[in-house]
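Please look over the sequence and the model shown here. The paragraphs after it take the reader through the structure in steps.

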Amino acid sequence: MPGEEERIQLHGEIMNCHLELQKLSLGSKFELPERQVIKMLQPFIVDPTIAS
């Protein structure tokens with residue numbers, strides 16, 4: 001993430017992507033369990049309903 005010093009690395013596969021009005025949305029499938037991925041990505045999630 002721009003401006004962030006911490007780096008995380010997740011292994012997975014991009015399943016789909018959509019570009020709309022300069023906004024890129026990606027659908028990803030990660031190798032780790034969902035709860036573990038959410039915990040790692042929590043600081044970067046824009047939509048809080050995803051992490052509920």
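The model is predicted. Its average pLDDT is 82, and 83% of the residues score at least 70. Among the elements, strand β1, residues 12–20, has the highest mean pLDDT, at 93, while helix α1, residues 34–41, has the lowest, at 87.

The protein contains 1 helix and 2 strands. Along the sequence they come in the order β-β-α. Of the contacts in the protein with a separation of 6 or more, 22% are between residues 24 or more positions apart.

The two strands can be taken together. β1 and β2 are paired in the antiparallel sense, over 8 bridges. They form a hairpin in which 2 residues lie between the strands. In that turn, L21 has a positive phi of about 50°.

Which residue stands opposite G12 of the protein in β2? It is F30. The C-alpha atoms of F30 and G12 lie 4.0 Å apart in space, although the two residues are 18 apart in sequence.

Leaving out residues up to four places away in sequence, F30 touches L10, H11, G12, V37 and L41.

Is F30 buried, partly exposed or exposed? Its relative accessible area is 31%. Buried would require under 20% and exposed over 50%, so a value in between counts as partly exposed. F30 is therefore classed as partly exposed.

The surface can be considered next. The accessible surface of the protein comes to about 5,300 Å², and carbon and sulfur atoms hold 52% of this area. Of the 52 residues in the protein, 6% are buried.

Which residues form a nonpolar patch on the surface? They are I14, L19, L24 and L26, and together they have about 440 Å² of accessible area. The elements that contribute two or more residues to this patch are β1 and β2, the latter spanning residues 23–30. L26, one of the patch residues, is located in strand β2.

Note on methods. Residues are numbered from 1 along each chain as its sequence is written. This is a predicted model: local features need pLDDT of at least 70, side-chain atom pairs count only at pLDDT 80 or more; totals for chains, interfaces and linings use all residues. Side-chain values use heavy atoms; hydrogens and water are left out. pLDDT is the predictor's confidence in each residue, from 0 to 100. Helices (H or I, at least four residues) and strands (E, at least two) are DSSP runs, numbered from the N terminus. Patches are made of residues with over 30% relative accessible area and no salt bridge: like charges are joined within 9 Å, nonpolar side chains (Val, Leu, Ile, Met, Phe, Trp, Tyr) within 5 Å. Accessible areas come from the Shrake-Rupley method with a 1.4 Å probe; for residues, only the protein chains shown count as cover. A salt bridge is a side-chain nitrogen of Lys or Arg within 4 Å of a carboxyl oxygen of Asp or Glu. Two strands pair if DSSP finds at least two bridges between them. Buried means under 20% relative accessible area, exposed over 50%, partly exposed in between (1.4 Å probe, protein chains only). Contact means heavy atoms within 4.5 Å.
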